[in-house]
Amino acid sequence: MPRIRSLANRHLVLAAIGMLSGAVFGIAQNAESATPAEFERWEFKVDGVTREALAYIPPTAKEKPTPVVFVFHGHGGRAPNAARTFAMNRHWPEAISIYMQGLNTPGRLIDPDGKLPGWQMRLGDQGDRDLKFFDAVLARLKKDYKVDSKRIFSTGHSNGGAFTYLLWAERGEVLAAVAPSAGMTTESLPKLKPKPIMHIAGEKDALVKFEWQEKTIAAVRKINGCEPEGKPWEKDCTIYPSKTGTPVIAYIHSGGHVVPAAAPALIVKFFKEVVK
């Protein structure tokens with residue numbers, strides 16, 4: 001009887017983790033059929049593997065310099081869900097927005113067997129397939145559209161936020177600013193060079209612990225040479241100015257492992273204020 005009860009409890013725990021993954025990472029069962037009509041579905045071959053992304057292209061993208069925002073879903077998420085959650089195309093219709101789709105990837109906190117889509121966590125993981133994917137998408141954008149090279153940005157949630165930190169470390173010369181949500185990094189910190197950042201963190205985050213994210217925010221404030229005292233910027237947001245023009249905005253909300261409803265509009269406001 002104790003063994004039966006233990007196995008039953010284990011199944012309940014696994015089921016709860018599955019439901020948690022769907023809730024916090026935005027898994028959609030019918031994501032493809034729910035793709036909005038204003039998006040294009042792009043395919044790429046990266047090291048022989050098919051990669052996909054959803055692209056919103058404003059009508060003027062071939063005529064005038066156009067900002068670009070890359071968006072990365074969390075572990076277990078899908079590009080269509082990221083498009084609905086972040087909706088950069090709605091908050092900044094003049095910008096190109098690209099919602100990237102990850103491949104099945106082992107996770108650190110959940111899904112160790114890699115049965116759900118996500119992103120590499122450090123340089124060299126998965127043959128750097130996601131860094132190469134980013135490079136391929138950016139190359140196509142620069143070939144087909146008039147990309148404003150001084151206004152290329154990245155944002156993402158959870159594992160997508162961690163990948164945004166990796167992009168900062170490995171493709172920092174390309175990016176004007178980043179806005180990770182519920183993400184953290186340790187390995188990438190030594191490679192980070194000063195860059196404007198908004199970090200979004202929930203005080204009740206039970207997955208990527210708030211105290212872990214606090215340490216990441218403190219580290220990037222030091223890297224960016226920020227002033228010790230912050231100033232109010234918007235609701236729940238504190239900006240730490242920097243003499244080098246690389247401020248840190250700490251967006252601390254009272255929720256858990258989620259993208260707050262107000263976040264997309266504030267991310268766009270932050271990106272628009274950045275001058276590379």
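This is a predicted model: local features need pLDDT of at least 70, side-chain atom pairs count only at pLDDT 80 or more; totals for chains, interfaces and linings use all residues.
Visitor: Quick one to start: is D128 buried or exposed?
Guide: D128 has a relative accessible area of 19%, so it counts as buried. Buried means under 20% relative accessible area, exposed over 50%, and partly exposed in between, with a 1.4 Å probe and protein chains only.

Visitor: What about Q126 and its phi?
Guide: Q126 has a positive phi too, about 50°, and is not a glycine. Q126 lies in the loop between strand 6 (117-118) and helix 4. At 36% relative accessibility, Q126 counts as partly exposed.

Visitor: Switching to charges: how many salt bridges are there?
Guide: The whole structure has 14. A salt bridge here is a side-chain nitrogen of Lys or Arg within 4 Å of a carboxyl oxygen of Asp or Glu.

Visitor: What does R129 pair with?
Guide: R129 bridges to D130, with the closest N and O atoms 3.9 Å apart. Both R129 and D130 are buried. They also belong to a network of salt bridges that links R51, R129 and D130.

Visitor: What else does R140 do?
Guide: R140 lies over the face of W42, 3.9 Å from the ring centre. The test for that is NZ of Lys or CZ of Arg within 6 Å of the ring centre and within 35 degrees of the ring normal. R221 is another case, with its charged end over the ring of Y240, 3.8 Å from the centre.

Visitor: OK, and which residue does E170 bridge to?
Guide: That's K191, at 3.0 Å, N to O. The pair links distant parts of the chain: E170 is in helix 5 and K191 in the loop between strand 8 (177-181) and strand 9 (197-202), 21 residues apart. E170 is buried at 17% relative accessibility, whereas K191 is partly exposed at 41%.

Visitor: Now rings. How many aromatic pairs?
Guide: A search of the whole structure finds 12. One of them is F39 with Y56, edge-to-face, 6.5 Å centre to centre with 65° between the planes. Rings of Phe, Tyr and Trp (its six-membered ring) pair if their centres lie within 6.5 Å; planes under 30 degrees apart count as stacked, over 60 as edge-to-face and the rest as tilted.

Visitor: Are F39 and Y56 buried or exposed?
Guide: F39 is buried at 10% relative accessibility, and Y56 is buried at 13%.

Visitor: What's the geometry of W92 and F153?
Guide: The ring centres of W92 and F153 are 5.9 Å apart and the planes are at 45°, so the pair is tilted. W92 is in the loop between helix 3 (88-91) and strand 4 (96-100), and F153 is in strand 7 (residues 147-157), 61 residues away. W92 is buried at 3%, and F153 is buried at 0%. Ring pairs join W92, F153, F270 and F271 into a cluster.

Visitor: Last topic: what's the volume of the largest pocket?
Guide: About 360 Å³. On a 1 Å grid over the protein atoms alone, a pocket is an open set of points where a 1.4 Å probe fits, with protein on both sides within 12 Å along at least five of seven lines; lining residues have an atom within 4 Å of a point. Grid points are joined across faces, edges and corners, and the volume is the space filled by probe spheres set on the points.

Visitor: Which residues line it?
Guide: The largest pocket has 21 lining residues, with R108, L109, M121, A162 and V208 nearest its centre. Helix 5 (residues 159-170) gives the largest share of that lining, 3 residues.

Terms used: Residues are numbered from 1 along each chain as its sequence is written. Side-chain values use heavy atoms; hydrogens and water are left out. Helices (H or I, at least four residues) and strands (E, at least two) are DSSP runs, numbered from the N terminus.
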